[in-house]
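Dear colleague,

My notes on it follow.

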Amino acid sequence: MTNTTRVPVRDATGVPDAGSTSDAHRASRTGADATGPHSGADAVTAAGRAALDRPVVPLLHPVRWVAAALALVVLLNFVETLFTNEAWGWPAVGKWLFSPAILTGLQLTLVATALSAVISFVGGVVVAVARLSQNPVLSGLAWGYVWLFRSVPLILVLVFLYNLGSLSPTIGIGIPFGPQWEVPTANVLGDLAIGVIGLSLSEIAYASEIVRAGVLAVDHGQLEAAQALGLSRRRQFSRVVLPQALRSIVPAFVNQIVGLLKASSLLFYVSLLDLFGVVQNLSSTYPTDIIPLLVVATVWYLALTSAVSVAQYYVERWTSRGSARALPPTPFQRLRAAARRTRPGGTDRAAQVASARRVVASGEHDGKAVS
């Protein structure tokens with residue numbers, strides 16, 4: 001068969017003839033249209049449906065699996081030592097876990113930590129406000145307080161307060177270099193008061209920086225809007241700035257509370273028998289139960305830290321009410337949702353998504369075919 005395709009004719013200058021080029025373009029369009037008006041769209045739709053029906057293969061991460069296997073081996077070895085090594089003394093752990101002496105020390109730890117946490121938060125707010133003040137005296141004094149108690153170790157503060165009676169036998173208040181109302185130091189500062197004051201003085205310095213960072217994180221436009229509404233400076237801080245700053249303050253301050261809970265073990269050095277102090281005394285009395293008593297203290301500190309973490313979750317959820325459209329589900333809500341999906345009448349979310357994709361794909365194909 002003879003080929004009838006025309007070759008573009010060039011003139012003397014080498015430029016293709018316009019008439020021959022248009023004839024070749026019309027011939028190519030005629031050949032393309034011979035396959036039908038919907039063949040291209042049908043091919044694209046078929047390829048899309050084939051892609052949706054194709055199973056999704058996740059990426060392989062061999063390094064992650066090797067690291068997970070190594071971590072699992074280490075964890076299993078540790079668990080094995082817990083149950084096979086008799087030196088842990090699990091019967092003695094069960095005997096001492098709820099003993100009256102341990103519970104008394106635990107109660108003192110909770111009281112000292114709770115009082116110090118409340119005092120340090122209130123004092124941290126006051127020091128942070130003074131640090132942000134435009135008054136140079138208040139700002140300078142607040143900076144000096146933070147500098148001093150962040151520099152001095154907590155154990156040194158506690159020991160210094162415990163020996164405060166040697167430095168000042170009486171404590172008084174009144175006119176400087178004038179008449180004063182004085183009381184003996186030993187009558188005012190008991191062992192618990194010394195412990196709470198020492199913990200609070202150190203924690204106020206850290207809490208003030210946390211509060212100051214949270215206040216500075218609030219958008220300055222919020223303060224300008226409060227000023228435009230004519231609110232007083234006190235109401236601007238308490239009603240506008242502080243509620244928004246709590247979203248940044250809560251996680252860091254709860255972390256400080258956990259550190260305060262562990263730092264309360266230093267009260268043993270000022271003659272306060274907290275949880276750690278009771279364990280130390282019992283260890284000297286019962287030297288064969290040293291390891292079980294240390295395990296008891298570890299279990300109680302883990303339990304207290306877990307309780308603080310649970311409280312932190314719900315406090316963060318409460319403070320995020322104004323910033324999130326939908327609050328994240330609680331662990332109990334997640335468990336109920338998982339149980340509802342696993343029931344015989346429940347449906348799997350992945351199956352619902354796959355079914356919806358197939359329906360959408362078939363609807364698009366039908367609509368293109370009709371058009």
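In what follows, a residue is called exposed when its relative accessible area is over 50%, and buried when that value is under 20%. Please bear in mind that this is a predicted model.

I begin with helix α4, which spans residues 90-97. On one side of α4, P91, G94 and K95 are exposed. The buried residues of this helix are A92, V93, W96 and L97. Viewed down the axis of α4, these buried residues fall within an arc of 135°, so they line one face of the helix. An α-helix has 3.6 residues a turn, so residues three or four places apart point the same way. The cover over the buried residues of α4 includes α5 (100-132), α13 (275-285) and α14 (290-319).

As for I249, if its neighbours within four places in sequence are left aside, it is in contact with F121, I210, V211, G214 and L242.

The packing of α12 against α11 (residues 220-228) also deserves a description. The two helices pack at an angle of about 160°, and their axes are 10 Å apart. Angles over 145 degrees count as roughly antiparallel, and α11 and α12 are therefore roughly antiparallel to each other. Their crossing is right-handed. At the contact, Q222, L223, A226 and Q227 of α11 meet Q236, V240, V241 and Q244 of α12.

Finally, I looked at P169, which is found in the loop between α8 (164-167) and β1 (170-174). P169 has a relative accessible area of 56% and is therefore exposed. Which residues does P169 contact, leaving aside its neighbours within four places in sequence? They are V183, P184 and T185. P169 and E182 are 13 residues apart in sequence, and their C-alpha atoms are 9.8 Å apart in space.

With kind regards

Definitions and conventions. Residues are numbered from 1 along each chain as its sequence is written. This is a predicted model: local features need pLDDT of at least 70, side-chain atom pairs count only at pLDDT 80 or more; totals for chains, interfaces and linings use all residues. Side-chain values use heavy atoms; hydrogens and water are left out. Buried means under 20% relative accessible area, exposed over 50%, partly exposed in between (1.4 Å probe, protein chains only). Helices (H or I, at least four residues) and strands (E, at least two) are DSSP runs, numbered from the N terminus. The arc is that of the directions from the helix axis to the C-beta atoms. Contact means heavy atoms within 4.5 Å. Axes are lines fitted to C-alpha atoms, for helices over the stretch in contact, and angles run from 0 to 180 degrees between N-to-C directions. Angles under 35 degrees count as roughly parallel, over 145 as roughly antiparallel, 65 to 115 as roughly perpendicular and the rest as oblique. A crossing is left-handed if the near helix is turned anticlockwise from the far one by less than a right angle, and right-handed if clockwise.
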